[in-house]
Amino acid sequence: MMPGHINFGLNEVDISTKLTKKIALKVPFVSSPMDTVTEHNMAISMALQGGIGIIHSNFTIDEQAAEVRKVKRYKNGFITDPICLSPDNTVMDVMELKAKHGYSGIPITINGQMGGKLMGIVSNRDITFIDDRSMKLKEIMTPRDKLAVAKEGVELVEANEILKETKKGKLPVVNDNDELVALIARTDLLKNIEFSEASKDPVTKQLLVGAAIGTRPEDRDRAAALVEAGVDVIVVDSSQGDSLYQIEIVKHLKASHEKLQVIAGNVVTPAQALRLIQAGADGLRVGMGIGSICTTQEVCAVGRAQASAVFHVAKFARKYGVPILADGGIKSTGHITKALSLGASCVMMGSMLAGTDEAPGEYFYQDGVRLKRYRGMGSIEAMSKGSDKRYVWENNSAHSIKVAQGVSGAVQDKGTLLRYIPYLTQGVRHGMQDAGMKSLSQAWEALYNDTLRFEIRSPAAQKEGGVHGLHSYQKRLF
């Protein structure tokens, strides 16, 4: 991308955008609906920082709806799904939870579950000097009548004052039936951040969240459950979106759920895009076979170079006011900047986010490097969990043989999104500034009137554009 004239500051660069016709975002980042990328923790963190997460569909219908509810119920500073134990659990159970999660302040409810009647709380000081690990928690817990609690509906500022006065580490929040509805931790309040750019529903003030479904008949029931849970946008998840099956389900979603926003895809040509736009799609996913773990182009010989796909589909969809998401192939802030400058309204990221703390899965070490597992939804492992519906639309014996269109692997630890998203945001702003573009709308205007120019780089130029000529180096992102 050729540089432009800079006559504005970095803080003046506006990267706010549209996800769909009716959903606006402060930053153009969307987490991919993959089972090693987006569950409720990822979706919450993405929304808090101005983007949005799309919950994957390798869940049962009830499980996926529950993930959506967790995002919609989230309130900054409140833990709405704390781990609970019952009075009959033992000290050993607390020790195991502490070893796994790193904390021991655990609410005790009558049934050991969130929503049960609050019976007490167990903290680290309650178990420190207990030698008998089989001792029941009811013998050592701080009982309910000695606890400071807050009533449901309490504001964060008020809860903070209660914690200051009582000098407690945890503050249970209960309803009128004395049932636990949330937990507030002093440590969370101390590091509580006000997320002014958060993606929220303008009416309910709840965080925005999306979810993926397939194109099979049972996915209509899945969509209904997700809408009931409060989902804001549904992504119809298919490797090749230009199909009769997807057109039918897009029409069904728009007819059955009037306020629901629907993103269709994946597509790589204007002809594919036209049929989905005519069906009622509010946004389009663009990309086929270009993800780091995707082998569709190798296995099926079908797909398109991503820059070409983004440019041509975005230019076409623009006539209909339909935003597009560049999905796949994003490996750096430079790739994000190029995708946006070629007409994409947002970028959907998988591998870029898979190594973060908020991604599902546990960290492990290999050759001294901290890693997390990451797999394509077209891998045999993911297909065995349910993602085969993304690649095969019919249920019959002819499709009993699975053909993998992805691989499984691992990605390096990237830390928390609370540091990573600001890094990505700043990197994109730098790229836009260097190109002389103050906003995405200005970049698109320059693109379509031929004042924003791109040049093809030779292999030698690509080598020059990266780190070279060093014996060794260390690369740190931030």
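Strand β6, covering residues 118–122, is joined to β7 by 2 bridges, and the two strands run antiparallel. Keep in mind as you look that this is a predicted model. To find one of the spots where these strands meet, look for Gly120, whose bridge partner in β7 is Pro143.

Now widen the view to the whole sheet. Strands of a sheet pair through backbone hydrogen bonds, either parallel or antiparallel. Here the sheet is open, has 3 strands in the order β5-β6-β7, and its pairing is antiparallel. Which strands stand at the edges? They are β5 (106–109) and β7 (142–143); each has a single partner strand, so one side of each is left without a neighbour in the sheet.

Two packed helices are described by the angle between their axes and the distance between the axes. For helix α8 (residues 244–256) and helix α9 (residues 270–279), the axes come within 8 Å and cross at roughly 25°. Angles under 35 degrees count as roughly parallel, so α8 is roughly parallel to α9. The crossing in which α8 passes α9 is right-handed. On the α8 side, the contact is made by Gln246, Ile247, Val250 and Lys251, while α9 brings Arg275, Leu276 and Ala279. Sorted by class, this contact of α8 with α9 has 4 nonpolar residues, along with 1 polar and 2 charged ones.

Stay with α9 for a moment and pick out Pro270, which has its place in that helix. Is Pro270 buried, partly exposed or exposed? Its relative accessibility is 25%, so Pro270 counts as partly exposed. Leaving out residues up to four places away in sequence, Pro270 touches Arg304, His312, Val313 and Phe316.

Our last stop is helix α12, made up of residues 333–341, where you will find Thr333. With a relative accessible area of 17%, Thr333 is buried, since buried means under 20%. What is Thr333 in contact with, once its neighbours within four places in sequence are left aside? Its partners are Tyr423, Leu424, Gly427 and Val428.

Note on methods:
Residues numbered from 1 in each chain as written. Predicted model: local features only at pLDDT ≥ 70, side-chain atom pairs only at ≥ 80, totals over all residues. Heavy atoms only, no water. Axes fitted to C-alpha atoms, helices over the stretch in contact; angles between N-to-C directions. Helix = DSSP H or I, 4+ residues; strand = E, 2+ residues; numbered from the N terminus. Parallel < 35°, antiparallel > 145°, perpendicular 65-115°, else oblique. Left-handed = near helix turned anticlockwise from the far one by under 90°. Contact = heavy atoms within 4.5 Å. Nonpolar A, V, L, I, M, F, W, Y, C, P; charged D, E, K, R; others polar. Pairing = 2+ DSSP bridges. Buried < 20%, exposed > 50% of the residue type's maximum accessible area, 1.4 Å probe, protein only.
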